[in-house]
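Biologist: I'd like to learn how to read a protein model. Could you take me through one, feature by feature?

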Amino acid sequence: MKEISYKGKSYKSLTDLAIEMKTSPANLSYRLKKYGGFEIKKEKKIKDHLGNAFETEKKMCEFYQISYKTYNARKRYGWDLKKILTTKTRHYIYKND
């Protein structure tokens, strides 16, 4: 989840900020797109099965030495996180004729 900071105060969601400003979330979203004006901080860190935190899924894949494409494919197939990260990828050896 993203944290929104506005005038030194933090909000958990755009809706919370809209309530504080006494406007609708749709109106606030429109004003945000048109005028900008406050920071949205990304606080969520990606955690592996051991609890190690990573800034992105790609950095976690680099740490475990698997490609991001392989990670996403395994995720789509419904693998659990431990299996995704610890199962080695196949490496083919080609013989020269």
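Modeller: Let's begin with the whole chain and then go through its parts. This is a predicted model, where local features need pLDDT of at least 70, side-chain atom pairs count only at pLDDT 80 or more, and totals for chains, interfaces and linings use all residues. Residues are numbered from 1 along each chain as its sequence is written, and side-chain values use heavy atoms, with hydrogens and water left out.

Biologist: Okay! How many helices and strands does the protein chain have?

Modeller: First, the terms: helices (H or I, at least four residues) and strands (E, at least two) are DSSP runs, numbered from the N terminus. Here the protein chain has five helices and five strands. Along the sequence they follow the pattern β-β-α-α-β-β-β-α-α-α.

Biologist: And what share of the residues is buried?

Modeller: A residue is buried under 20% relative accessible area, exposed over 50%, and partly exposed in between (1.4 Å probe, protein chains only). In this chain of 97 residues, buried ones make up 22%. The chain exposes about 8,200 Å², and carbon and sulfur atoms supply 52% of that.

Biologist: Now a pair of helices. At what angle do helix 1 and helix 2 cross?

Modeller: You need axes for that: lines fitted to C-alpha atoms, for helices over the stretch in contact, with angles from 0 to 180 degrees between N-to-C directions. Under 35 degrees counts as roughly parallel, over 145 as roughly antiparallel, 65 to 115 as roughly perpendicular and the rest as oblique. The axes of helix 1 and helix 2 come within 9 Å and cross at roughly 100 degrees. Helix 1 is therefore roughly perpendicular to helix 2.

Biologist: Which residues make the contact?

Modeller: Contact means heavy atoms within 4.5 Å. Helix 1 brings Leu14, Thr15, Leu17, Ala18 and Met21, while helix 2 brings Pro25, Leu28, Ser29, Arg31 and Leu32. To sort residues by class, take Ala, Val, Leu, Ile, Met, Phe, Trp, Tyr, Cys and Pro as nonpolar, Asp, Glu, Lys and Arg as charged, and the others, Gly among them, as polar. The contact of helix 1 with helix 2 then divides into seven nonpolar, two polar and one charged.

Biologist: What sits in the loop between those two helices?

Modeller: Lysine 22 is there, between helix 1 (14-21) and helix 2 (25-35). Here's the general idea: most residues other than glycine have a negative phi. Lysine 22 has a positive phi of about 60 degrees although it is not a glycine. At 77% relative accessibility, lysine 22 counts as exposed.

Biologist: Let's go on to helix 3. Which of its residues are buried?

Modeller: A handy rule comes first: an α-helix has 3.6 residues a turn, so residues three or four places apart point the same way. In helix 3, Glu57, Met60, Cys61 and Tyr64 are buried. They cover an arc of only 100 degrees around the axis (the arc of the directions from the helix axis to the C-beta atoms), which puts them on the same side of helix 3.

Biologist: What covers them, and what is on the face turned away?

Modeller: The cover includes strand 4 (46-47), strand 5 (53-54), helix 4 and helix 5 (81-86). On the face turned away from the buried side you find the exposed residues Glu62 and Phe63.

Biologist: How do helix 3 and helix 4 cross?

Modeller: The axes of helix 3 (residues 57-64) and helix 4 (residues 68-76) come within 9 Å and cross at roughly 105 degrees. So these two helices are roughly perpendicular to each other. Glu57, Lys58, Met60 and Cys61 of helix 3 make the contact with Tyr68, Tyr71 and Lys75 of helix 4. By class, that contact has four nonpolar, no polar and three charged residues.

Biologist: And where does glutamine 65 lie?

Modeller: Glutamine 65 is in the loop between helix 3 and helix 4. Just after helix 3, glutamine 65 takes a positive phi of about 60 degrees, although it is not a glycine. Glutamine 65 is exposed, with a relative accessible area of 68%.

Biologist: One more: which residues does alanine 53 touch?

Modeller: Alanine 53 is in strand 5 and touches Lys45, Ile46 and Lys47, not counting residues up to four places away in sequence. With a relative accessible area of 46%, alanine 53 is partly exposed.

Definitions and conventions
Accessible areas come from the Shrake-Rupley method with a 1.4 Å probe; for residues, only the protein chains shown count as cover.
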